[in-house]
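Subject: Structure for you to look at

Hello,

Here is the structure I promised to pass on. Please open it and keep it beside this email as you read.

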Amino acid sequence: MMDHWAEANRYVARVELSALDRTRMPRHVAVVMDGNGRWAQRRGLPRTEGHAAGEEALMDVIWGASDAGLGWLTVYAFSTENWKRPVDEVRYLMGFNERLLLTRRDEIHARNIRMQFLGRRDWRVPRRILRRIDETLELTRNNTGMVLSMAFNYGGRAELVDAVKSIVEARVPASKINEKTIRAHLYDPSMPDPELVIRTSGELRTSNFLMWEAAYSELVFTDVLWPDFRRGDLFAGIAEFQQRKRRFGGLDGPPSSSASG
Ligand code: IPE
Ligand code: IPE
Ligand code: MG
């Protein structure tokens, strides 16, 4: 007998944009781009080749998200935990992200996309990258299309620690602290919570991504490795999201008038 818990492979056919219900699009989709190393290893290549191959996936997903009219796309590019990797890989990833910014920001800007960065600007991030980040923010700051957030040197716990520090520095009395206070001190207080978080490569965890913001997100996991991921896979994730019933702790149907905020 088949093991009750045995999971079918989470490979889902790609979906065309035209197949989505345009009245039920998420405003914000966040993606954990995972599986670059395994993609390379399967081909007998060094892990870094997997990161390089991830660029095409990222660009296709950015254009796809923008074509779909998403307001916000957030991608997890480098976590506060990724410093644990071998120095050569970390160095490669820093250079790779810098090159990506340099070579792609004009196209991104031409599509009216506003870029922003979520993460810590600590001493470990090379100054050169911070400079590229600042230039990119400046270049795209007045764009009115999709907001593309790069989570870079990002950790959900780090973001909450930084929020707490900033609340203490602002001398907010304890009695005045509520969820709105915490949100107001996150990296981007104006960013809506992602309705949908997609993770590639078959791992079933969030790995410290958007801890506060994704508290009620729909999670979609796929076995597709990041370098193989394309806009059709993003749309497949959105199609799955459109099948979900979101209850937020309540019951199906319209909220009762006694529900408190
Ligand atoms: C994701 O791919 C990229 C980053 C975390 C920077 P990985 O490098 O984690 O690839 P796997 O998970 O080892 O296959
Ligand atoms: C999460 O992937 C971070 C990014 C995609 C940038 P990891 O590969 O670092 O996560 P773990 O190690 O599987 O939790
Ligand atoms: Mg990984």
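Is Arg 183 buried, partly exposed or exposed? Arg 183 is partly exposed, because its relative accessible area is 29%. The scale runs as follows: buried means under 20% relative accessible area, exposed means over 50%, and partly exposed lies in between, with a 1.4 Å probe and protein chains only.

First, some ground rules. This is a predicted model, where local features need pLDDT of at least 70, side-chain atom pairs count only at pLDDT 80 or more, and totals for chains, interfaces and linings use all residues. Residues are numbered from 1 along each chain as its sequence is written, chains are lettered from A and ligands numbered from 1 in the order in which they are written, and side-chain values use heavy atoms, with hydrogens and water left out.

Find helix 6, residues 179-184. Arg 183 lies there. Helices (H or I, at least four residues) and strands (E, at least two) are DSSP runs, numbered from the N terminus. Leave aside the neighbours of Arg 183 within four places in sequence. Arg 183 is then in contact with Pro 189, Met 191, Asp 193 and Trp 212. Contact means heavy atoms within 4.5 Å. The side chains of Arg 183 and Asp 193 are also joined by a polar contact of 3.0 Å. A polar contact is a pair of N or O atoms within 3.5 Å; within protein, one must be able to donate a hydrogen and the other to accept it, and residues adjacent in sequence count only if both atoms are side-chain atoms. Now look across to Ala 13, which is 170 residues from Arg 183 along the chain. Their C-alpha atoms are separated by 37 Å.

**Ligand 1**

How many residues surround ligand 1? There are 13, and the closest are Asp 34, Gly 37, Arg 38, Arg 47 and Arg 85. A residue counts here if one of its heavy atoms lies within 4 Å of the molecule. Helix 1 (36-42), helix 2 (47-67) and helix 3 (87-110) each supply at least two residues of this shell. Helix 1 gives the most, with 3 residues.

Oxygen atoms of ligand 1 come close to several polar atoms. One is 2.8 Å from an N or O atom in the side chain of Asp 34. A backbone N or O atom of Gly 37 lies 2.9 Å from an oxygen atom of the ligand. For a polar backbone atom of Gly 35, the distance is 3.3 Å. Taken alone, ligand 1 exposes 380 Å², and the protein buries 86% of that. Such areas come from the Shrake-Rupley method with a 1.4 Å probe; for residues, only the protein chains shown count as cover.

**Ligand 2**

Several residues surround ligand 2, among them Val 32, Tyr 76, Asn 82 and Arg 205. Which element gives the largest share of this shell? Strand 2 (residues 72-79) does, with 3 residues.

Ser 207 has a polar side-chain atom 2.6 Å from an oxygen atom of ligand 2. An N or O atom in the side chain of Arg 85 is 3.2 Å from a ligand 2 oxygen. For the side chain of Arg 199, that distance is 3.3 Å. Taken alone, ligand 2 exposes 390 Å², of which the protein buries 79%.

**Two glutamates**

Glu 55 is in helix 2. Its side chain makes a polar contact of 2.8 Å with the side chain of Arg 104. Beyond four places in sequence, Glu 55 is in contact with Phe 96, Leu 100, Thr 103 and Arg 104.

Glu 195 is in the loop between helix 6 and strand 5. Glu 195 counts as buried because its relative accessibility is 16%. The side chain of Glu 195 reaches the backbone nitrogen of His 28 at 2.9 Å. Contacts of Glu 195 beyond four places in sequence include Pro 26, Ser 217 and Phe 241.

Most residues other than glycine have a negative phi. Asn 153 has a positive phi of about 50°. Asn 153 is in strand 4 (residues 147-154). Asn 153 counts as buried because its relative accessibility is 1%.

Asn 208 also has a positive phi, of about 70°. Asn 208 is in the loop between strand 5 (196-199) and strand 6 (218-221). At 15% relative accessibility, Asn 208 counts as buried.

Best wishes
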